[in-house]
Amino acid sequence: MHDNEQIPPRTTTAPPFAEVLERALARRSLLVGAGAAALIAALGRRGGAQDDTDGFPGTSAGGLSFRELRAPLGRDHAVAEGYRAEVLVAWGDAVTGAARRFDPLAQTAAAQEQQFGFGNDFLAFFPLPAGSANSAHGLLFVNHEYTERGLMFPPEQRARDGAELSEIELAAHGCTVLEIRAVDGVWRTVPDSPYNRRLPSNRTLFELRGPAAGHPRLATSADKDGRTALGTLNNCAGGRTPWGTALSGEENVHKYFDGEPAGTEAANHRRMGMGSPQFRFHRHHARFRLADEPNEPNRFGWVVEIDPYDPASTPRKRTALGRFCHEGAETVLNQDGHLVVYMGDDSRGEYIYRFVSAAVVDTANRAANEHLLDEGRLDVARFHDDGTLEWLPLVHGSGPLTEAAGFASQADVLIETRRAADLVGATPMDRPEDLEASPTTGRVYVALTNNSRRGVEGGPAVDAANPRAKNRLGHVLELVPPEKGGQPDHGGQRYRWNVFLLGGDPVRAEHGARYGGAISDEGWLTCPDNLAFDPKGRLWVATDGHEDTSGRADGLWATDAEGPDRARTRRFYAAPTGAELCGPCFTPDGTTLFVAVQHPGEGSSFESPTTRWPDFDPKLPPRPAVVAIRRDDGGPIGG
Ligand code: FEO
Ligand code: CA
Ligand code: CA
Ligand code: CA
């Protein structure tokens, strides 16, 4: 989703921007070591962008060799020369065998429950058979983050605004599992596969698990035990566990609940930004009205876990991972066998979190990990200007997280994770979106998409990790875990961190952009959102807001993460107008890249859309869709 209106009124005093940034860059030279001089020279080059028509010059040290995409913003998508991008599945396409043919003029909730949902975001690929590295056959897990009434329904239907519209929208939320297969390099869904599954949010029951499950603050009139929630909402970026399940973050859950926060949950609901819904479900369902069901919001804002290999499995909400506007749930199997999950809270001035499992992962027995995510330690990040990062535990009874502060148990700490993080002194960030760990170095990258409130009155002050006031262009940070026995230790308490890149156009001094070296006029990006690593350890960055900030298409850029071409982004794929790009996801062999095109035509309407991608059929509105990208010769994506 595009813009997260939240109100975290925390202000601190901090040194001015220039001083902070110079300190961060100077520190970087110490950290980078022998290669630092060249890097700093490149970082300091304001006129570094190149004009040459060939785009990025040649092959990077990390082997990226595609010729950079040059394409204007348009109604269609575009990919670098030598690649083809084909739509695999779009909103309304059949998922189950019971699905009827999509008719946007006569849509029903019953039809939508069997069809591919709206607003595709996170993607994860699970090879078939389970446990294999098959890159031509598998299951695709997809989140459907949210719906857009103006693009989904014709005006006469919108004008009626009945309960049915809300039901269709709820059914278009949730998740999808689809069996997919590549034949001669062309991906297709497998119709009638027993794996195919919709988890529509108007019907699917989720089991609440972990320390907050069963707590009275999670009980409602429909679920007096506080253990079963109806639906999942606003599922944004996610992750994939080593045992082959999908994790999905419930993000902007405050956009669903109506009413003035009041009573014992008032402070909690205010801290989560409840009360001004973007959706209209509250008109038809009491559970979306704070006055009727004050505990219903406490059942959303969690990470959910879904087993794509078992279509009969019960999806679970894992409360041990905290409650906030979850974006991303990047897992790392740590060297000591524990599972670490990195997570962002995507609102202005919110925090970066980490979960460390209490038990170790059993790599030989999948079933033994079924409830591994129910017990562990949740930490929140404090960034220091000297380039270190501390993980602060959010553990009931430790530090300020006591009864005196209103936390009677760990359940309270988890239900009000943000307030707990405020009290321990976490660092407010510029909207943390996706996090991703490099498969080759173990360093962790964080997309900070933007924060227009940074450094303005009422917003958080500029600091070294969020170094630009009114940051509309976004940046990427690199977190460096300590080493233990020569391996990164993702359970370590103190990390180092670096600014990886500052988004924007390096030739425009007012942007204050920084890259690792010269880039072409197509190579600069803004508003980084979703991240992915390919199997060779190159970082791929998808954007959400580049069109708004640059007039160019949102899309996908690739860069080396290490060596002389580190942080030198080059453009690979352009989304159609209005869309943000989500879900970059590689097959295990790196020869297919799946991307999710979310909200094509945003800002326009069903009857008069700015694009009718991907069908370009005058009878169809634009449809969010998943795209499979392959190289013409079948080789690894990127080179
Ligand atoms: Fe749903 Fe933070 O993007
Ligand atoms: Ca976003
Ligand atoms: Ca996102
Ligand atoms: Ca990712």
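Guide: Buried means under 20% relative accessible area, exposed over 50%, and partly exposed in between, with a 1.4 Å probe and protein chains only. This is a predicted model, in which local features need pLDDT of at least 70 and side-chain atom pairs count only at pLDDT 80 or more, while totals for chains, interfaces and linings use all residues. Residues are numbered from 1 along each chain, chains are lettered from A and ligands numbered from 1 as written, and side-chain values use heavy atoms, without hydrogens and water.

Visitor: Why is leucine 123 called buried?
Guide: Its relative accessible area is 2%, and the limit is under 20%, so leucine 123 is buried. Leucine 123 lies in strand β3 (residues 120-127); a strand is a DSSP run (E, at least two residues), numbered from the N terminus.

Visitor: What is leucine 123 in contact with, leaving aside neighbours within four places in sequence?
Guide: Its contacts (heavy atoms within 4.5 Å) include Phe141, Cys585 and Val626. Phenylalanine 141 is 18 residues away from leucine 123 in sequence, with 5.6 Å from C-alpha to C-alpha.

Visitor: Why does serine 248 count as buried?
Guide: Serine 248 has 0% relative accessibility, so it falls in the buried class. Serine 248 belongs to strand β11 (residues 246-250).

Visitor: What makes the pairing of serine 248 with asparagine 143 a polar contact?
Guide: The term needs N or O atoms within 3.5 Å; within protein, one must be able to donate a hydrogen and the other to accept it, and residues adjacent in sequence count only if both atoms are side-chain atoms. The side chains of serine 248 and asparagine 143 are joined at 3.0 Å. A second polar contact, at 2.9 Å, links the side chains of serine 248 and asparagine 235.

Visitor: Which residues coordinate the calcium ion (ligand 3)?
Guide: Glu327, Glu433 and Asp529 do, at 2.4 to 3.1 Å. Donors are N, O and S atoms within 2.8 Å of the metal (3.2 Å for Na, K and Ca); water is not among the atoms, so sites may look incomplete.

Visitor: Why is the arrangement around the calcium ion (ligand 3) irregular?
Guide: Six donors count as octahedral if opposite donors are over 155 degrees apart and all others between 65 and 115. The 6 donor atoms here subtend angles of 45 to 135°, so the arrangement is irregular.

Visitor: How far is the calcium ion (ligand 3) from the calcium ion (ligand 2)?
Guide: They are 3.7 Å apart, and glutamate 433 coordinates both. Glutamate 327 lies in strand β14 and glutamate 433 in strand β19, so the pair ties together parts 106 residues apart in sequence.

Methods. Four donors count as tetrahedral if all angles lie between 85 and 135 degrees; four count as square planar and six as octahedral if opposite donors are over 155 degrees apart and all others between 65 and 115; anything else is irregular. Helices (H or I, at least four residues) and strands (E, at least two) are DSSP runs, numbered from the N terminus.
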